[in-house]
Amino acid sequence: MNVKEKVLRFLEDHREEFVSGEQIAESLGVTRSSVWKAISSFRNEGYKIEAVTRKGYRLRSDGNMLTQAGIASRFKYADPDLLTVYQETDSTNTRIKAAALEGAPHGTAAVANEQTAGRGRLGRSFISPPGSGIYLSILLRPHTDMAGAIPLTTAAAVAVCESVRELTGMDAGIKWVNDVYIGHKKICGILTEAVADVETGGLDSVVVGIGINYSYDPDSFPEDLQDRIGWIYEDQKPEISRNELAAAVIDRTIYYADHLDERAFIEPYRKYSVIIGRDIVCSRGNERFEARAVDIDDDGGLVVETDSGRRTLSSGEITVRWKKD
Ligand code: BTN
């Protein structure tokens, strides 16, 4: 951790408390002027840090910003130097795809506080207002072909689900193929896009884009969406920061991608599936059929029982809904 990251960690650990520059400098073994420099730079980035004579500095909890230092200092696995945080961008998937074409390495990640052209699955747009969500994309360069890369989406869904469960204690689950739910409300969607190698026509890389609804802002979402979309913190004050959650999700997704062959994410995927054992309605284009979800195979495919027998659904272009009782 560099000085800036250490200072931020200290302020976050003492959120809403006044701490003096001297106290920070002594606890971290750094100079007071480096503490002052770090704090000025956080304030320029938009952190709400009060400075009061004879009391010191206080980080306000409503300054729940997504920042480079706040995320990178929490990485246990990902490379901090490969992370870019935007206060606003068009779409983090678009940013990371552009980076992929310029040869950016495996593990390059982009996080945004707001997206002006967020994209969802099936050509839909993804509403991405500032402050209430976490929008992030990760560049993965798996040593596999197009088909072999499909489980990466499954791995990302498990990474989100486990991070939410571990950090918040909430009962998050996964609806095939890659939506994360709390109760009957979707709190996260994932858009995975492949980048083709123009020379060979094979797979160059994969961009995994993750949108998490973190805290509820009634002004940002049309009312008709509010019975289907949920937020991790819908009617309670956030207990973990957006930085903590973003860091955990990026770390875990890259870890699972690096151990793709071991399929370590399949067991948790089965465990947290909210549709196994349930009657569902599947649709692909105009085709629609009813089935019972029975299992998830080792590639993340959904095994279903239909009137005409057992089959495995493997395309992300299939939409699955719970059948109403
Ligand atoms: C879906 O549920 O339809 C998928 C939504 C994926 C949204 C994320 S937000 C970060 C990344 N950038 C985008 O433009 N889309 C993905």
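**Notebook: ligand site, sheet and cysteines**

I started at the ligand: 19 residues lie around it, and Ser91, Gln115, Arg119, Arg121 and Lys186 come nearest. I keep in mind that this is a predicted model.

Glutamine 115 has a side-chain N or O atom 2.9 Å from a nitrogen atom of the ligand. For arginine 121 I found a polar backbone atom, 2.7 Å from a ligand oxygen. Lysine 186 uses its side chain instead: an N or O atom there sits 2.7 Å from an oxygen atom of the ligand.

Which residue stands opposite lysine 186? I found tyrosine 181 there, with lysine 186 itself in strand 8. Strand 8 covers residues 185-196, and strand 7 covers 179-182; the two pair in the antiparallel sense over three bridges.

Seven strands make up an open sheet with mixed pairing, and I read the order as 3-4-5-9-8-7-6. At the edges I have strand 3 (83-86) and strand 6 (172-175), each pairing on one side only. From one strand to the next, the twist averages 20°.

I also checked which helices pack on this sheet. Helix 6, residues 151-168, packs on it and touches strand 5 (133-140), strand 6, strand 7, strand 8 and strand 9 (203-213). The direction of helix 6 makes about 165° with that of strand 6. Helix 7, residues 242-258, packs on the sheet too, and I list its contacts as strand 3, strand 4 (109-112), strand 5 and strand 9. Its direction makes about 25° with that of strand 5.

On to the cysteines. How many disulfides does the whole structure hold? My search of it finds zero. For cysteine 161, the nearest cysteine sulfur belongs to cysteine 188 and is 9.5 Å away, while a disulfide needs the two sulfur atoms within 2.5 Å. Is cysteine 161 buried or exposed? I put it down as buried, because its relative accessibility is 0%. Cysteine 282 is also at 0% relative accessibility, so I count it as buried.

Last entry: serine 273. I located it in the loop between helix 8 (266-272) and strand 10 (279-284). Its relative accessible area is 14%, so serine 273 goes down as buried, the cut-off being under 20%. What does the side chain of serine 273 reach? I found the backbone nitrogen of isoleucine 275, at 3.1 Å.

Note on methods
Residues are numbered from 1 along each chain as its sequence is written. This is a predicted model: local features need pLDDT of at least 70, side-chain atom pairs count only at pLDDT 80 or more; totals for chains, interfaces and linings use all residues. Side-chain values use heavy atoms; hydrogens and water are left out. Two strands pair if DSSP finds at least two bridges between them. Helices (H or I, at least four residues) and strands (E, at least two) are DSSP runs, numbered from the N terminus. Axes are lines fitted to C-alpha atoms, for helices over the stretch in contact, and angles run from 0 to 180 degrees between N-to-C directions. Contact means heavy atoms within 4.5 Å. Buried means under 20% relative accessible area, exposed over 50%, partly exposed in between (1.4 Å probe, protein chains only). A residue is near a molecule or strand if one of its heavy atoms lies within 4 Å of it. A polar contact is a pair of N or O atoms within 3.5 Å; within protein, one must be able to donate a hydrogen and the other to accept it, and residues adjacent in sequence count only if both atoms are side-chain atoms.
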